[in-house]
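Trainee: Hi! Could we look at this one together? I'd like to ask you a few things as we go.
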Amino acid sequence: MTQVTDRATRLRSQAAAGISGFARNWLVFIGAVAVWELATRLAASVFFPPPSQIVTTAVELWFSGPASQLFLSETVFDHILPSIGRCLGGWAIAVVLGVGLGTALGRSRTGMEYVGPLFAFFRAIPPPTLVPVFMVLFGLGPGMQVATIIFGAIWPILLNTVDGVRSVDSVKVDTARSFRTPAPYWIGMVVLPAALPKIFAGLRLSLSISLILMVVSELIGSLNGIGHELISSQQQFDFPLMWSWIVLLGILGYGLNAVLLTVERRVLRWQPTRNDDG
Amino acid sequence: MRSLYRNLAGLIGFFLIWEGAVRVGLVPELFVPPPSEVLATTVDLLGQEPFIRDVIATVLAWAIALGISIAVAVPAGLVLGSVAWLRTATRAIVEFLRPIPSVALIPLVLLVVGGGPEAKITLAVYAAVWPILFNTIYALAEIDPVLMDTARACGTSRSRMLTSVALPHAAPFVFTGIRMSAAIALILVVSTEYVAGASSGLGNFILEASSGGTNMDQVLAGTVVAGVIGYLINDGLERMGRRMFRWNEAVGEAAK
């Protein structure tokens, strides 16, 4: 009984601390926006419109649609959703390829010796330099963008997976071997869980790379998408509009990372030495 | 020795497959020239002065950007890592600024600072500051309390604690951050040159070569050179880190 009440008090105090921390974070955030508003109003620079103006532009841009589309405007369907789709689609393909290949190479003793330097070199190539190659191969459009995203996002996942698969505890290896664990169980229940922390570190890095490459590929060659709208608003000198796209990209980056972190915390909850700082 | 042969075999195998795929006609030669042609172009370009100047412009911008990032992020990280209330106060702002993809700022930076070398340096600094900053803060939070208590019990002064306990402990983590930032800064420098059509640089060279759509050998040669630069930077920093922090086992652990 005492244990239960103990736990309840602890939970309550944790919740209180969480709420006050949450409130404090938001207070600081609101304060920062207020300072930003004041500074931009005082400076009155055309390049830096006040946040209130950015928000008005953004709301009009995204939420002016009819009720049947949940008030989302055409812009959302024409530009934002395709962009997110390409980013997540390319990333997902990179995850499947990277984890699959990485597990295979990590298990093989000599495989990595053949391809290691090659992969290190591929990873070192700044992915935007390959955009012209993908452009002539796939034409202007989603193919080129997804190819660029996959090429940029796969290396952190692949190399981290190899690292993680290699770092499986030798006691676990011997135990599983002495029980003659069949290969599918061995991979699925011993190797992959042990490699997961490293894999997740690679996933996080490659997700932000995917977002960056989505924007780059759309800035260079695209007929729609967030990056395309961003550069065309700059060319029209419509700065509140340009800023609303920048803010949207910030929100996207924050949101995608937050979702992945939540998934990671749930999946890795069993890990004893897990720090939440990451 | 055998692993070296295997490394070489892997590289040669890749080039043979590429060469074969082009020769057989799997990929059109106009779009993806065979590696023999690309290598010949690379050697040819390396003898030309304008190309060398582009390479130097890119590497120089990268070095300046990384230097500024280190000079900004390490002191900021040390301050934020050791003063708790400052860390909480700035957290929301940092959390808001960090996820903005640096490339989203390319249009803005082009307008505000122009298309010169300042633009690519500004963007590279913006992107490269975060890994160093976060690794520095993280390192200070992870110091073994026993170490700090021991130092305090011996009557070590506050400044001495920072230089003799905190900094040596944090150094490997900071270095890992610098290594990540070095790669990011190179990507940003080349991307900005490519997107913005800067007056010089490797990215600009690739942009100009690709504009006709027929000089794909030059595009790929530029890509190969960019890859080699990135590889040398990463490999050099890795070796340096291993030499400098031989005493530390946590070097690999900090790579997050």
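Trainee: How many salt bridges does the rule find across the interface of domain 1 of chain B and domain 2 of chain B?
Mentor: Zero salt bridges turn up across that interface. Keep in mind that this is a predicted model.
Trainee: Okay, and how many residue pairs are in polar contact there?
Mentor: Two residue pairs are in polar contact across the interface, both at pLDDT 80 or more. On the side of domain 1 that touches domain 2, the residues divide into six nonpolar, no polar and three charged.
Trainee: Let me back up. Where are the two domains in chain B?
Mentor: Domain 1 covers 1-32, and domain 2 covers 33-244. Their C-alpha centres lie 31 Å apart.
Trainee: How many residues are in contact between them?
Mentor: Nine residues of domain 1 are in contact with eight residues of domain 2.
Trainee: And what area do they bury between them?
Mentor: About 750 Å², with 66% of it on carbon and sulfur atoms. In domain 1, the residues that lose the most area to domain 2 are B:Trp18, B:Glu19 and B:Leu30, together 48% of what that side buries.
Trainee: New topic! Where does UniProt place the transmembrane regions of chain B?
Mentor: The unreviewed UniProt entry places that feature at residues 59-84, 96-115, 121-141 and 219-237.
Trainee: What are residues 59-84 made of, helix or strand?
Mentor: That span is 96% helix and 0% strand, and its end C-alpha atoms lie 37 Å apart.
Trainee: How about residues 96-115, what percentage is helix?
Mentor: There the span is 50% helix and 0% strand, with the end C-alpha atoms 26 Å apart.

Key
Residues are numbered from 1 along each chain as its sequence is written. Chains are lettered from A and ligands numbered from 1 in the order in which they are written. This is a predicted model: local features need pLDDT of at least 70, side-chain atom pairs count only at pLDDT 80 or more; totals for chains, interfaces and linings use all residues. Side-chain values use heavy atoms; hydrogens and water are left out. Domain bounds come from an automatic or database domain assignment. Contact means heavy atoms within 4.5 Å. Buried area is the accessible area (1.4 Å probe) that two parts lose on being put together, summed over both. A salt bridge is a side-chain nitrogen of Lys or Arg within 4 Å of a carboxyl oxygen of Asp or Glu. A polar contact is a pair of N or O atoms within 3.5 Å; within protein, one must be able to donate a hydrogen and the other to accept it, and residues adjacent in sequence count only if both atoms are side-chain atoms. Ala, Val, Leu, Ile, Met, Phe, Trp, Tyr, Cys and Pro count as nonpolar, Asp, Glu, Lys and Arg as charged, and the others, Gly among them, as polar. UniProt positions are given in the numbering used here, feature names are shortened, and annotations may be inferred rather than shown by experiment. Helices (H or I, at least four residues) and strands (E, at least two) are DSSP runs, numbered from the N terminus.
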